[in-house]
Amino acid sequence: EPPIPEQRESAPWFQSQDPEGSEGLGVWSRTSSACCTREQPDSCSETQGLEVAHISKATEETFPSFSHSLMPGNMKETPAAETPSTPEGPQSACSSSTVTTTTSSSKSNESSSRQEEEAIPASSQSSPDTKDVPVGSLDEKVTLLVQFLLHKYQMKEPITEADMLDVVIKEYKDDIPEILKRASEHMELVFGVDVKEVDPTSHSYALVNKLGLTYDARLSGDEGMPKTSLLLIILGVIFMKGNRATEEEIWEVLNMMDLHSGKEHFMFGEPRKFITKDLVQQKYLEYCQVPDGDPPCYEFLWGPRAHAETNKMKLLEFLSKIHESDPRCFPSQYQEALRDEAERARARVFSNVPFNITFH
Amino acid sequence: MHSSTRKAAAIMTDVHRRFLQLLMTHGVLEEWEIKRLQKHCYKVHDCNATVEKLEDFINNINSVLESLYIEIKKGVTEDDGRPIYALVNLATTPISKMATDFAENELDLFRKALDLIMDSETGFASSTNILNLVDQLKGKKMRKKEAEQVLQKFAQNKWLIEKEGEFTLHGRAILEMEQYIRETYPDSVKICNICHSLLIQGQSCETCGIRMHLPCVAKYFKSNSEPRCPHCNDYWPHEIPEVFDPEKEREAGISKSNRRSLRSRQH
């Protein structure tokens with residue numbers, strides 16, 4: 001068995017860092033021809049540059065929509081005080097289980113102050129002109145919150161509890177958990193949008209599409225496929241590199257797709273902004289400084305939304321499809337994806353347990 | 001589960017949810033587009049099911065949205081009578097819908113344009129007049145050149161329609177803002193004599209002043225060789241327009257569908 005060569009320079013980036021002997025693949029490299037299994041040398045194709053059509057098709061097939069099996073319906077994270085049951089990565093929590101009543105700081109919300117006063121939706125300072133909503137009832141507050149959440153969803157902005165307090169629930173501080181819970185139910189049942197707490201420290205929530213990694217037409221000019229594919233490729237690189245990839249490693253791959261930092265691309269715009277800002281803002285990626293890096297350098301990880309909307313198995317299927325092979329060609333990643341699936345299944349099962357159990 | 005969510009749970013499936021998400025994303029859709037969207041949602045989430053009749057499909061969803069004061073509203077374009085659909089929020093001021101795409105000063109430009117449109121006799125405001133108000137805008141200072149581009153952006157996003165240097169409201173804006181307009185401009189609001197909805201552009205009787213939408217005129221005076229004002233009976237002085245006829249469209253569509261997928265579209 002040939003040892004895995006350290007080929008970072010010639011960059012078969014597809015090669016995993018697993019020292020146990022998983023085969024690497026030089027699918028993206030123009031020079032390498034490493035094969036996935038010795039028995040099936042033909043199943044690996046060398047791609048000379050990216051065929052967007054091929055990748056788009058793979059995206060369409062692998063992620064046409066996500067069935068509920070991908071999105072653990074009521075995946076709840078045990079509250080912060082308990083031992084977390086997930087092995088890695090920020091897992092998103094169902095908001096209703098982790099809402100704590102915050103001491104409301106009436107911090108002004110920049111995004112809402114940017115809009116005109118009358119433009120703030122669901123303002124509790126509702127003018128007498130707006131249609132009558134049942135006044136003074138919890139139902140009214142739930143309705144207002146749902147409308148506010150929808151607005152924020154379309155703005156692709158996260159929301160904090162302070163936002164919600166300021167705009168919606170001033171007089172109902174004690175009822176926040178109930179109001180949020182009912183509003184979240186509506187968002188989930190009616191719109192297929194999950195309200196997930198993504199930052200327990202600042203109590204901020206992201207509005208995540210439950211229906212899977214959707215090619216939101218707003219995300220790009222056409223039906224969104226190319227940008228989704230690009231995101232999936234980046235998630236793929238990160239996964240293959242052991243769940244974190246340096247900025248350099250990402251650019252290696254993007255450069256092969258003729259995407260260069262600072263150079264405007266007709267489909268993706270300026271790629272560096274897209275990956276370090278847009279995708280980060282949308283919580284698909286995390287972009288952080290490598291500790292003790294000298295000179296300072298950065299790395300990418302999956303963001304909470306990526307974890308929420310997809311999983312490693314699906315991603316592996318997608319990558320295999322591009323590569324026209326099988327997930328089992330990447331044994332260590334496949335193992336990891338299987339473990340990940342088992343973990344999610346377990347989380348699903350235990351989310352229905354009425355009391356909290358901690359495992360040691 | 002709360003009673004209001006029980007209904008949602010009984011009716012809503014991923015087909016409906018995807019439909020709502022995509023309708024929200026697009027803002028406004030014409031009838032052929034929304035039918036295609038509906039088929040797409042079925043294909044993606046429930047490919048074996050029969051596609052429900054659009055009207056029933058939408059009514060079902062609306063029965064769930066009712067308690068949230070949101071509605072899938074159907075309207076008709078004022079210039080050529082084509083049906084359009086949008087997800088409308090009934091309980092808030094609609095300028096917020098535009099806030100997803102526009103900055104504060106741009107929203108204010110829209111408001112200024114709306115003021116001029118409502119004040120006008122024809123329902124159109126000239127580009128020049130709108131641009132002259134650029135100094136009065138709230139927020140970041142905007143130059144006329146910029147404002148021209150913002151007006152184009154409004155047209156692209158289907159909030160305004162441009163015709164020969166003049167701007168009027170797109171069907172989408174009317175659908176979303178009818179109530180807001182009625183409340184904000186109670187004195188200058190114009191109503192169609194036939195359908196009693198808000199009227200921005202249309203034809204008016206020169207004798208008694210009543211107004212009618214172009215599609216309403218077409219329908220009311222259909223195959224009438226001597227059109228007369230429904231109010232004062234005076235001779236109707238305007239040309240009777242040709243507008244979108246769903247029946248004709250359907251027939252054309254059926255013959256086309258034998259060759260390719262149903263994509264009948266007026267012009």
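Modeller: A residue is called buried when its relative accessible area is under 20%. Please bear in mind that this is a predicted model.

Biologist: How many residues of strand β4 of chain A are buried?

Modeller: Six of the six residues of β4(A), residues 204-209, are buried, so the strand is largely enclosed by the rest of the structure. S204(A), A206(A) and V208(A) point one way, while Y205(A), L207(A) and N209(A) point the other way.

Biologist: Which strands are joined to β4(A)?

Modeller: Strand β3 of chain A (residues 193-199) runs antiparallel to β4(A) and is joined to it by six bridges, with K196(A) opposite A206(A). Strand β2 of chain A (residues 159-160) is also antiparallel to β4(A), through two bridges, and I159(A) stands opposite Y205(A).

Biologist: And what about the hairpin of β3(A) and β4(A)?

Modeller: Four residues lie between its strands, and H203(A) takes a positive phi near 50°.

Biologist: Moving on, which residues have the most contacts inside the largest nonpolar core?

Modeller: They are F191(A), F19(B), L20(B), L65(B), I72(B) and L87(B), in a core of 46 residues. A second, separate core has 34 residues, including L230(A) and Y284(A).

Biologist: What does the side chain of N89(B) make a polar contact with?

Modeller: The partner is the side chain of Q147(A), at 3.2 Å. N89(B) itself lies in strand β3 of chain B, residues 83-89.

Biologist: Where does pLDDT stay under 50 in chain A?

Modeller: Residues 1-53 of chain A stay under 50, as do residues 352-360. Chain A averages a pLDDT of 62, and 51% of its residues score at least 70.

Notes:
Residues numbered from 1 in each chain as written. Chains lettered and ligands numbered in written order. Predicted model: local features only at pLDDT ≥ 70, side-chain atom pairs only at ≥ 80, totals over all residues. Heavy atoms only, no water. Polar contact = N/O pair within 3.5 Å; in protein donor to acceptor, adjacent residues only side chain to side chain. Core = buried A, V, L, I, M, F, W, Y, C linked by side-chain atoms within 4.5 Å. Buried < 20%, exposed > 50% of the residue type's maximum accessible area, 1.4 Å probe, protein only. pLDDT = per-residue confidence, 0-100. Contact = heavy atoms within 4.5 Å. Pairing = 2+ DSSP bridges.
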